[in-house]
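Visitor: I'd like to learn how to read helix packing and strand pairing in a model. Can we go through one together?

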Amino acid sequence: MEWLAELSPWLLALLIFLVRVVDVSIGTLRTICVVQGRMGLSVVLGFFEVLIWIAALSQVIMGVSESPILMVAYAGGFALGNAVGIGLERRLALGSVVVRIIAQEDDAEIVRTLRTSGFRATTFEGEGVEGPVDLIYVRCARREVSKLLKIVKFLKPSVFYTVEPVQEQSERFAEALPHATGWRAVFKMK
């Protein structure tokens with residue numbers, strides 16, 4: 001690591017900043033994996049997070065007396081790394097969610113359309129402030145939520161819904177539907 005000592009203080013500060021962005025982003029993803037119970041992935045991410053962190057910290061400790069800008073770069077990389085990590089996690093959309101939809105009783109088209117689009121929709125009858133309602137529950141991957149909500153909002157723009165993370169689930173209905181759905185179903189018909 002002698003080549004690092006030969007870098008200008010500003011270049012070293014930039015390098016520390018970028019390394020911190022990477023290690024904190026990995027740490028943010030690791031934390032989310034821990035919360036979701038993804039032990040194997042969290043172990044691997046944790047290993048690389050700490051390895052990168054030690055490399056960055058050692059450079060700051062060795063050079064901070066000569067160049068205090070290294071502390072600022074270290075802190076700035078930490079701050080930006082949090083935002084980058086959250087953005088990465090949102091793009092990866094790991095895990096499953098339950099979407100709960102409350103629709104008027106006459107909104108059976110929502111359930112029918114969701115099912116033909118490949119979603120497993122379960123319905124319950126309920127009572128709302130204005131009378132009978134249908135409660136529609138759909139478990140899906142987080143990356144499919146926008147597709148599901150697009151369908152629902154197209155059919156009923158003012159529908160009420162909530163999205164909640166799934167902490168644990170049985171495997172019975174976690175797999176895809178056993179038959180083709182949506183446009184694929186047209187080609188599978190006999």
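Visitor: Which residues in H2 meet H3?
Guide: Contact means heavy atoms within 4.5 Å. Here Leu12, Ile16, Val19 and Ile26 are among the H2 residues that meet H3, whose side of the contact includes Leu41, Leu45, Ile52 and Trp53. By class, the H2–H3 contact has 14 nonpolar, 4 polar and 4 charged residues. Ala, Val, Leu, Ile, Met, Phe, Trp, Tyr, Cys and Pro count as nonpolar, Asp, Glu, Lys and Arg as charged, and the others, Gly among them, as polar. Bear in mind that this is a predicted model: local features need pLDDT of at least 70, side-chain atom pairs count only at pLDDT 80 or more, and totals for chains, interfaces and linings use all residues. Numbering starts from 1 along each chain as its sequence is written, and side-chain values use heavy atoms, leaving out hydrogens and water.

Visitor: At roughly what angle do the axes of H2 and H3 cross?
Guide: Axes are lines fitted to C-alpha atoms, for helices over the stretch in contact, and angles run from 0 to 180 degrees between N-to-C directions. H2 (residues 9-35) and H3 (residues 39-63) have axes that come within 8 Å and cross at roughly 155 degrees. The two are therefore roughly antiparallel, a label for angles over 145 degrees.

Visitor: And which strands pair with S3?
Guide: Strands (E, at least two residues) and helices (H or I, at least four) are DSSP runs, numbered from the N terminus. Two strands pair if DSSP finds at least two bridges between them. S1 (residues 96-104) runs antiparallel to S3 (residues 131-141), joined by 9 bridges, with Ser96 partnering Ala141. S2 (residues 121-128) also pairs antiparallel with S3, over 8 bridges, and they form a hairpin with 2 residues between them.

Technical notes: Angles under 35 degrees count as roughly parallel, over 145 as roughly antiparallel, 65 to 115 as roughly perpendicular and the rest as oblique.
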